[in-house]
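User: I am new to this protein and would like to understand its inner spaces. Could you walk me through them?

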Amino acid sequence: MSFGPYAYYQVFGQSQELENILKEGNVSLEDLLERENFLNDIKAGALNAFAEYVLRNPEVYERLLQYIVLEIQDDRKQKLYPYVISEIFALEHIKLIEYLYYKNKLESQTSLQTERLTTIEDDLQDDDPIQMPEDEDIISGSSITYVASQKSRQGLQVSESIRQNLLAIFFSFLDQETLNETSVGYYSKVLNAMIRKNGGELWDHIMQNTDILVNLLKHIQYTQFVELISKLIVLEVRLHEQVCLNTRFMRERKQVVEILINQFQDQKDSVDTLDNLSQILITVLQTGQDYYEQMRDIFDLILSPGAFFDLAKKTGAVQLFRLICEICKFLQYNNIRDKRNPQFVVIIQSITNQIKFNDEDYITTYGRAHQVFGQRNLFILMIIRQLIAFKQTLLYEAMLQSDVINFCLILIERYEWNNQLVLQIQQIFTDLLMDDRINKRILQETQLLNFIFKYKVDSTLNDKIFNKPIKYGFGGCLNVICKLLLKLGTELPQKLQDQIAISLNLEEQFICQVDPKTHLEEAPPEISIDRQVEMQIDNNQKEDKK
């Protein structure tokens with residue numbers, strides 16, 4: 001049994017043994033994959049040695065990719081080999097991944113200006129052309145050097161031929177009509193490493209082999225590809241420890257987004273596919289929010305909330321509602337104020353009709369029945385909150401006319417124990433009351449004050465809340481709203497102000513005037529590894545005495 005840091009030396013010793021085996025090179029890939037704790041040894045320090053072993057033997061690299069893309073007949077190996085290989089690639093060893101993109105200098109020079117040169121590439125350069133030996137050199141035996149050089153060069157040419165075919169082997173996986181979902185998971189790990197480390201070079205390869213992108217989009221129903229496609233659209237590169245946008249292939253990346261948006265209509269009968277398409281655009285908006293100016297043409301295709309809302313109403317796809325919410329966040333983050341307000345007005349006019357009430361009750365562990373609000377409804381509520389955050393008078397007016405505010409009170413009353421719903425509605429009213437342009441109308445034209453009097457003032461003053469268990473799940477939300485009203489000096493009837501103040505004072509007395517949020521439980525002190533060992537020994541000795 002190993003304790004704490006002592007386990008490191010055990011692992012270090014095993015990884016050192018593996019490094020020595022890899023340096024000798026007298027071992028097959030299959031023997032390595034079957035080796036006990038092989039993956040742990042790789043992670044512990046043998047990764048560089050394994051990468052060098054693979055790069056010295058391109059046929060090993062070829063088999064690595066074949067185990068990822070081809071089905072293995074042996075069930076045990078099918079579960080083990082792809083898993084271990086994908087985990088190794090997920091470590092993102094730079095030389096191991098860059099090897100896939102090295103250009104053959106004997107071919108036409110179409111490589112990137114920033115293409116990396118390596119020892120292997122230098123060996124392939126034909127700076128010193130081969131001179132055929134003269135007859136007298138052969139007679140004298142000096143041609144031995146030429147023969148050895150010729151064999152070495154032939155070996156390098158074979159290795160280069162294998163290397164040039166590696167990406168073709170890897171992307172052949174996408175040629176299939178149907179894929180095994182487990183294999184897709186392993187495959188996506190490798191592809192993710194390729195995109196993160198060499199996204200620009202990968203795009204360069206895709207431009208020369210356009211069927212790769214077509215096949216990738218063909219398998220959009222697999223969620224594992226969602227993040228990968230979004231990374232190809234928002235292509236980032238790390239320069240000097242800083243992450244910035246790679247601006248190459250903008251036209252092609254825009255075409256990818258156009259294809260995705262067209263698929264929304266083509267796949268409207270498949271909710272799962274619509275959710276995956278939405279998730280791609282959501283990830284693009286989240287990861288690309290700092291690149292609006294550089295990617296304006298791409299983002300303008302996505303920033304169409306009205307069209308996506310119409311599709312969401314027809315299909316009921318949950319992620320479409322989330323996409324609309326992310327569009328609102330993106331517009332706010334980049335301070336975009338343009339012609340989209342009319343689209344938002346149309347959304348507001350029908351948004352409450354999209355809330356679907358669930359008649360089934362959820363039974364808690366305490367036997368209490370609660371109604372389920374649902375993720376779809378929560379995203380719709382988040383859309384309302386984001387629209388309020390725009391602080392646009394036109395949108396405020398649309399909400400008052402469509403009775404959205406009163407509808408929020410109905411929701412909090414019906415789903416009082418749904419914490420996420422209560423927090424969203426609390427933020428909605430906080431934002432509204434903090435805006436002097438609308439707060440008076442909220443008090444005059446909605447049922448907020450009646451709601452406060454019914455559930456806050458009347459309930460507290462009649463001493464109902466203190467003789468029974470907590471009655472209302474939205475009590476904390478009402479506290480926040482009431483305190484805000486008093487703090488802002490809002491024009492409330494004096495009698496109501498006094499009643500609110502009394503009810504808040506009674507509750508503060510009940511909780512001993514302690515704010516639970518500022519009195520968090522302290523974490524237990526950390527116990528050192530040595531002390532843990534001592535405690536374990538003491539426990540063992542006590543058990544032995546018994």
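Analyst: Gladly! Please keep in mind that this is a predicted model. By class, the lining of the largest cavity has four nonpolar, one polar and three charged residues.

User: How do you know which spaces to include in the count of cavities of 30 Å³ or more?

Analyst: The count takes cavities of 30 Å³ or more, and it comes to two.

User: Why is the lining of the second largest cavity given no polar and no charged residues?

Analyst: Its lining consists of Phe171, Leu174, Leu191, Leu202, Ile206, Ile212, Leu213, Leu216 and Leu232. Two elements, α11 (181-208) and α12 (211-218), each give two or more residues to it. Phe, Leu and Ile count as nonpolar, so the class count is nine nonpolar residues.

User: What makes Ile233 a residue to look at in the largest nonpolar core?

Analyst: That core has 163 residues, and Ile233 is among those that touch the most other members, along with Phe50, Tyr61, Phe170, Tyr187 and Leu260. Leaving aside neighbours within four places in sequence, Ile233 is in contact with residues including Val256, Leu260, Ile280 and Met295. They are called contacts because heavy atoms lie within 4.5 Å.

Conventions
Residues numbered from 1 in each chain as written. Predicted model: local features only at pLDDT ≥ 70, side-chain atom pairs only at ≥ 80, totals over all residues. Heavy atoms only, no water. Core = buried A, V, L, I, M, F, W, Y, C linked by side-chain atoms within 4.5 Å. Buried < 20%, exposed > 50% of the residue type's maximum accessible area, 1.4 Å probe, protein only. 1 Å grid on protein atoms, 1.4 Å probe; cavity = no way out; pocket = protein on both sides within 12 Å on 5 of 7 lines; lining within 4 Å. Points joined across faces, edges and corners; volume = space filled by probe spheres on them. Helix = DSSP H or I, 4+ residues; strand = E, 2+ residues; numbered from the N terminus.
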